[in-house]
Amino acid sequence: MKRIALTGGIATGKSHVRAEFERLGVPTIDADVLAREVVTPGTPALAQIVSRFGARVLDGGGALNRRTLASIVFPDPDARRDLERIVHPAVQKATSDWFAALDPARHPIALADIPLLYEVGREVDFDAVVATVCAPDTQIRRLMTRDALDEREAAARVAAQLPAEEKARRADYVIRTDGTYEDTNRQVRAVFDQLVARRSG
């Protein structure tokens, strides 16, 4: 089975591209969903977070209060790195377990959506990387609409990430999402066909 990573900057169309791969029969998983699952009550990662940051990061029901945790880690780079050292290995293990559970005879390729792939050095875990990219002003406009942000807030979020064009430069395949959905879907199909051909060759 060929393990594919999907990455890209915020609001560059990763969710649409992942859904299109799914429509073509490719199993997919979202690292952001896994990141929430690995810190649910009773998990080792949540226990480590409480040990590091205190019970103040829990809500009344014992679940992680993300807003409180964010208020602690975003202004403090050391705290953010400590959190990443807890969460990222748990997500990495969950991703590996997911791939291992798939039947390679039925699924010649499978895809994991990992927004921070390059930032955490996980590209080495995959056979190929697909990156979504669009113009920065398109990212900002989409983010303003999606998350009800003003232009300054949206621009700050885009600027805080590794530039989408840099991710595209390092990827094996690039899907540009500036155009119509139909144009994006055609690119997904072309990448899918190439990945299947490489797997068969």
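Predicted model: local features only at pLDDT ≥ 70, side-chain atom pairs only at ≥ 80, totals over all residues.
**Exercise 1. Find where confidence in the protein chain is lowest and where it is highest.**

Step 1. Start with the whole chain. The mean pLDDT of the protein chain is 93. A score of at least 70 is reached by 99% of the residues.

Step 2. Go to the elements. H7 has the lowest confidence, with a mean of 87. Strand E5 (residues 173-176) has the highest, at 98.

**Exercise 2. Describe the largest pocket and its lining.**

Step 1. Take the volume. The largest pocket holds about 2000 Å³ of space.

Step 2. Take the lining. It consists of 46 residues. Nearest the pocket centre lie Ile10, Asp32, Pro115, Leu116 and Gln161.

Step 3. Sort the lining by class. It has 22 nonpolar, 10 polar and 14 charged residues.

Step 4. Trace the lining to helices. Those supplying at least two residues each include H1 (14-23), H2 (31-37), H6 (136-147) and H9 (181-200). H5 gives the largest share, 6 residues.

**Exercise 3. Work out how H4 and H5 are oriented to each other.**

Step 1. Get the geometry. The two axes, of H4 and H5, come within 7 Å and cross at roughly 130°.

Step 2. Classify the angle. Angles over 145 degrees count as roughly antiparallel, and 65 to 115 as roughly perpendicular. H4 and H5 are therefore oblique to each other.

Step 3. List the contact. H4 brings Leu69, Ile72 and Val73. H5 brings Pro77, Ala79, Arg80 and Leu83.

Step 4. Sort the contact residues. In this contact of H4 with H5, 6 are nonpolar, none is polar and 1 is charged.

Methods. Residues numbered from 1 in each chain as written. Heavy atoms only, no water. 1 Å grid on protein atoms, 1.4 Å probe; cavity = no way out; pocket = protein on both sides within 12 Å on 5 of 7 lines; lining within 4 Å. Points joined across faces, edges and corners; volume = space filled by probe spheres on them. Helix = DSSP H or I, 4+ residues; strand = E, 2+ residues; numbered from the N terminus. Nonpolar A, V, L, I, M, F, W, Y, C, P; charged D, E, K, R; others polar. pLDDT = per-residue confidence, 0-100. Axes fitted to C-alpha atoms, helices over the stretch in contact; angles between N-to-C directions. Parallel < 35°, antiparallel > 145°, perpendicular 65-115°, else oblique. Contact = heavy atoms within 4.5 Å.
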